[in-house]
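Please consult the sequence and the structure shown here.

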Amino acid sequence: MCEKPVIRVAVAIIRDEGKFIIARRDEKGRLASQWELPGGSVHEGVSLEEGLKDHLAKRFNLDVVVGDKLGTSNYDYDFGNVQLTAFYVECISKKLKLSQHLAYRWIRLNTLKDFEIVHSAMPIIELLKQQMN
């Protein structure tokens, strides 16, 4: 029996006035059209912080400073085990422009039920709820 690959993912918690950003994935591929925290997978040999900064620049046109780590979660999908680590980030530029996602939203925690969020992000969102309350 083959062991599933481990996929390292770094995501950003971008907050402003009680809201945070989620982005809707493309209609093709894994987890199609679901909502997620902005970020992406990080290759071995690259720090999570550098990988996150690179993804935010390429996929969202954001220049950021990566801050403190909020936490890490593990979720076992059929395609692999996702190790998702979330960091608070501060945006230097706020001219968000999507290159791979369908949409983004600034949302409050109490509106989360209106979005189909990727399962791997839910433990991180629970941590965020604890910190924002």
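Where does Ile14 lie? Ile14 is in the loop between strand E1 (6-13) and strand E2 (15-16); helices (H or I, at least four residues) and strands (E, at least two) are DSSP runs, numbered from the N terminus. The model is predicted, so local features need pLDDT of at least 70 and side-chain atom pairs count only at pLDDT 80 or more, while totals for chains, interfaces and linings use all residues. Residues are numbered from 1 along each chain as its sequence is written, and side-chain values use heavy atoms, with hydrogens and water left out.

**Surroundings of Ile14**

- Ile14 is buried, with a relative accessible area of 4% (buried means under 20%, with a 1.4 Å probe and protein chains only).
- Not counting residues up to four places away in sequence, Ile14 touches Lys19, Phe20, Ile21, Pro38, Leu62, Val89, Cys91 and Trp106; contact means heavy atoms within 4.5 Å.
- A separation of 16 Å lies between the C-alpha atoms of Ile14 and His101, which are 87 residues apart along the chain.

- E2 pairs with strand E3 (residues 19-24) in the antiparallel sense over 2 bridges; two strands pair if DSSP finds at least two bridges between them.
- In this pairing, Arg15 stands opposite Phe20 in E3.
- The hairpin of E2 and E3 has 2 residues between the strands, and Glu17 in the turn has a positive phi of about 50°.

**Other partners of E3**

- E3 and strand E8 (residues 103-107) run antiparallel and are joined by 5 bridges, with Ala103 in E8 as the bridge partner of Arg24.
- E3 and strand E4 (residues 35-36) also run antiparallel, joined by 2 bridges, and Ala23 stands opposite Glu36 in E4.

Terms used. Buried < 20%, exposed > 50% of the residue type's maximum accessible area, 1.4 Å probe, protein only.
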